[in-house]
Amino acid sequence: MFKAGDKVRIIRCEDDPRAIGKTGRIVDDLPPDPLTQGRWTVNGISLFIAPVLCHTHELRPA
């Protein structure tokens, strides 16, 4: 399980495929819920990529 501030590598991302292979930080203080459809918010990926929503299985600790 991730927590806010954790650095993660995006191995898959349905939200924005440009984020695959990049690293970012988890924004959420709480685990994903139905509002985000069970996905984590990852930010700080790139200047040209907005925050993305990724499922747990799409992320790995970095």
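Let's start with the cysteines: a search of the whole structure turns up 0 disulfides, a disulfide being a pair of cysteine sulfur atoms within 2.5 Å. The sulfur of Cys13 has its closest cysteine sulfur in Cys54, but at 3.5 Å this is too far for a bond. Cys54 is therefore in no disulfide either, as its nearest cysteine sulfur, that of Cys13, is 3.5 Å away.

Are these two residues buried or exposed? Cys13 is buried, with a relative accessible area of 5%, and Cys54 is buried at 0%. Here buried means under 20% relative accessible area, exposed over 50%, and partly exposed in between (1.4 Å probe, protein chains only).

## About the model

This is a predicted model, in which local features need pLDDT of at least 70 and side-chain atom pairs count only at pLDDT 80 or more, while totals for chains, interfaces and linings use all residues. Residues are numbered from 1 along each chain as its sequence is written, and side-chain values use heavy atoms, leaving out hydrogens and water.

## Strands side by side

Helices (H or I, at least four residues) and strands (E, at least two) are DSSP runs, numbered from the N terminus. Two strands pair if DSSP finds at least two bridges between them. Strand E2 (residues 23-26) runs antiparallel to strand E3 (residues 40-43), joined by 2 bridges; Arg25 has Asn43 in E3 as its bridge partner.

E3 also runs antiparallel to strand E4 (residues 52-54), with 3 bridges between them. Here Thr41 stands opposite Leu53 in E4.

## The nonpolar core

In soluble globular proteins, nonpolar side chains tend to be buried together. A nonpolar core is a set of buried Ala, Val, Leu, Ile, Met, Phe, Trp, Tyr and Cys residues joined through side-chain atoms within 4.5 Å. The largest one here has 13 residues, and those with the most contacts inside it include Ile10, Ile26 and Val52. Strand E1 (7-10), E3 and E4 each supply at least two residues of this core.

Leaving aside residues up to four places away in sequence, Ile26 touches several residues, among them Phe2, Trp40 and Leu59. Contact means heavy atoms within 4.5 Å.

## Charged pairs

How many salt bridges does the structure hold? There are 3, each being a side-chain nitrogen of Lys or Arg within 4 Å of a carboxyl oxygen of Asp or Glu. Lys3, exposed at 55%, pairs with Asp6, with the closest N and O atoms 3.7 Å apart.

Arg12 and Glu14 meet at 3.5 Å, N to O; Arg12 is partly exposed at 43%, whereas Glu14 is exposed at 54%. Arg18 and Asp16 meet at 2.8 Å, with Arg18 partly exposed at 49% and Asp16 buried at 13%.
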